[in-house]
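I opened the model to look up a handful of local features and wrote down what came back. The entries are in the order in which I took them.

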Amino acid sequence: MNRIRVVATALVLLLVASACGTDKGKANNPADLGDPGDCTVVDMASSPEKIDLMTTLAKAFNGTDRAKVGKGCVFVRPQKKSSGGAAQLLYTTWNESVDGPRPVIWSPAASSWGQVVNQRLIDAGQKAIVTTGQPFMVTPLTIAMPKPMADALGYPGKAIGWTDILTLAKDQKGWGAFGHPEWGPFKLGKTNPNFSTSGLSALIAQTYEATGKTSGLSKEDLDKPEVVKFGEGVESAVVHYGDTTLTFLNNLYRADQRGTALSYVSAVAVEEKSVIDYNQGNPDGILDPGEQPRPPRIPLVAIYPKEGTLFSDNPLFILDAPWVTQAQKDGAKLFEAFVKEPDNQRQVLSFHFRPGNPAVPVGDPITAANGVDPNQPQTLLEVPRPDVLTTLLDKWATQRKKAKVLFVLDVSGSMGEDVGNGQTRLDLAKQASIDALDLFSADDQLGLRIFSNGLGDAQDQNSLDLLPYGRVADQRERLRSAISGLFPTNGTPLYTVAESSYQKAVDEFDPTRINAVVLLTDGQNDDGTPDDDNQQLQSLLQKLRSGGEGQASKPVRVFTIAYSADAGRDVLRQIAEAASSASYNASDPKSISSVLNAVVSNF
């Protein structure tokens, strides 16, 4: 089954950033702006990287004379939603009980998402709802590279583009071709273009490079063998796909603090704003109260692809949707005018964006000292037509790097806890896991392992491989049957199972694929005394950081899911971070379907 068509019809996506294990930015939700009273509420869905700014502007707007329609007041209420996640909710089903209020204003990171939503709705025989939006602020897509690596390529004296990335990806010598064999193979970080703006922009840019065009990309271009081959070549260098660029930048920053930045990733497609954030010691762009930024040991350099790039223009779309009233539209227009004022446009610079208002000059921090160039980009690429965009996304599903994933599912006794409607935690996890099978490509490889105490024939056996690695297309029904038959039993030997599962993935590593473990648990380790627990955990973390019995050349990612409020979220976060991965929070078991969708976006 076509991966993107399944994703497009699935109920996705809890805000990916709030699904991750970090609590950063959790204050940015509609409730934090206070009680709107009798005001006309204008709910706004904002991409995560600008939620702090939008919240600041909403607070400055609400309660003023500017926030009035007739005799009534207007109350703007931003919430954080990833661009691709919000897009899919808008063209499928936006469930307010799970996904928060449906927006009046939608501000994704780029206008291209509006085209995707309208085209998907039109293809489904529905009415387009996204109107033309003016840029609020802009930031160009770059190829961010650790400075020593950019220096080795001769940048900025030598212009670099996607063809150079392809050449590096195909060279068996890797960085050895540039005198640095110690850096290993070239490793590219890219986000999933179905969820992330930088991933979508990178896909557009590399496809333009394959055609030699800067505008007028057509459906016919996408079918050309040389274009397909170019795309497959670039994707072959991908470390893993992320749901957001923050996953890569946080992992890179942690590796930098350990002195291993050059071994995690060679380049990552991110926006200029994120390069500045990273170089100033704030890789996710959000500072918690009291948090002090600390610049990395090795800064990033923003490479502006020589063939051209795209701006993320952060439009404010006032939706023409059935749930939006005329009073809300009028209030939204007032807020749009407010944020375009020069004083408010100057504020975007302090958040490391360029003003969308051309009357406001670009200045600090868009400077060479922060690894960026205010005089770039020299060439802008044209955003393709909506039907070309959706076709490009559909075709990416066949060109992307394939995955080899070991799914490790907790079946301990606590998974039998009732969560309402006569269902248990395990019931929900089983159904979500079965649904998630359809999100994998037919050529992905998937294995299934369960864990608890006393499994199998041996009394001390704590895990059981129900199905070995195999093509999803070949064993999809067996996987469904095996998952359906699971039942809860005994305890939670978390650390030993995490270590053995990771080692299994290392032992059966496939260098042509994204190799990963997905571990879901609703509890904490209960397989020993507190002293034993700590010793086991430290041993596990050290093994994950070192690569597993000296196998540093076999990177295996471990994505963890904290399934319930009882799960050890901090420990699961440490496990994921030690493996340069991400931890996801499903503390509400009813969110597990959305969280699994977010996890699978890494593959």
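These are my notes on this predicted model, by topic.

**Disulfide**

I began with the cysteines. The structure holds 1 disulfide. The partners are C39 and C73, with sulfur atoms 1.9 Å apart. I read -105° about the S-S bond, and the link is left-handed. C39 sits in the loop between helix 2 (16-19) and strand 1 (40-46), while C73 belongs to strand 3 (residues 72-80), so the bond ties together parts that are 34 residues apart in sequence. C39 has a relative accessible area of 18% and is buried. C73, at 28%, counts as partly exposed.

**Nonpolar cores**

Next I asked which residues touch the most other members of the largest nonpolar core. They are W106, W162, F335, I561 and F603, in a core of 151 residues. Helix 9 (residues 197-211) gives the most to this core, with 7 residues. I noted a second, separate core of 27 residues, with F451, L537, L541 and L544 among its members.

I then listed the contacts of I561, leaving aside neighbours within four places in sequence. The list holds V518, L519, L520, T521, L572, Y584, A586, I592, V595, L596 and V599.

I asked how many residues of helix 23 are buried. The count is 8 of the 9, so helix 23 is largely enclosed by the rest of the structure.

Two packed helices are described by the angle between their axes and the distance between the axes. I looked up both for helix 18 (residues 425-436) against helix 23 (residues 592-600): the angle is about 35° and the axes are 9 Å apart. The crossing of helix 18 past helix 23 is right-handed. On the helix 18 side the contact uses L428, A429, A432, S433 and A436, and on the helix 23 side I592, S593 and L596. By type, the residues of this contact divide into 6 nonpolar, 2 polar and no charged.

N251 is in helix 12 (residues 245-257). Is N251 buried or exposed? N251 has 1% relative accessibility and counts as buried. Beyond residues up to four places away in sequence, N251 touches H240, Y264, S580 and S581.

K402 lies in the loop between helix 17 (386-399) and strand 13 (403-410). I checked the exposure of this lysine, and at 16% K402 counts as buried. With residues up to four places away left out, K402 touches A397, S441, D443, D444, T512, R513 and I514. I also looked up K402 against A169: the two are 233 residues apart in sequence and 16 Å apart in space, C-alpha to C-alpha.

L262 is part of helix 13 (residues 261-264). At 18% relative accessibility L262 counts as buried. The contacts of L262, not counting residues up to four places away in sequence, are P146, M149, W183 and I298. From L262 to A152 I have 110 residues in sequence and 13 Å in space, C-alpha to C-alpha.

**Backbone entries**

I looked up cis peptide bonds and noted two entries. Y155 and P156 are joined by a cis bond, with omega about 10°. P156 is in the loop between helix 7 (147-152) and helix 8 (162-170). D364 and P365 are joined by another cis bond, with omega about 15°. P365 is in the loop between strand 12 (354-355) and helix 17.

I then noted positive phi values in residues other than glycine. H352 has phi near 75°. Its place is the loop between helix 16 (342-350) and strand 12, and H352 is buried, with a relative accessible area of 10%. S580 has phi near 55°. S580 is in the loop between helix 22 (569-578) and strand 20 (583-586). S580 is buried, with a relative accessible area of 10%, and S580 is one of the residues touched by N251.

Conventions:
Residues numbered from 1 in each chain as written. Predicted model: local features only at pLDDT ≥ 70, side-chain atom pairs only at ≥ 80, totals over all residues. Heavy atoms only, no water. Axes fitted to C-alpha atoms, helices over the stretch in contact; angles between N-to-C directions. Helix = DSSP H or I, 4+ residues; strand = E, 2+ residues; numbered from the N terminus. Left-handed = near helix turned anticlockwise from the far one by under 90°. Contact = heavy atoms within 4.5 Å. Nonpolar A, V, L, I, M, F, W, Y, C, P; charged D, E, K, R; others polar. Disulfide = S-S within 2.5 Å. Buried < 20%, exposed > 50% of the residue type's maximum accessible area, 1.4 Å probe, protein only. Core = buried A, V, L, I, M, F, W, Y, C linked by side-chain atoms within 4.5 Å.
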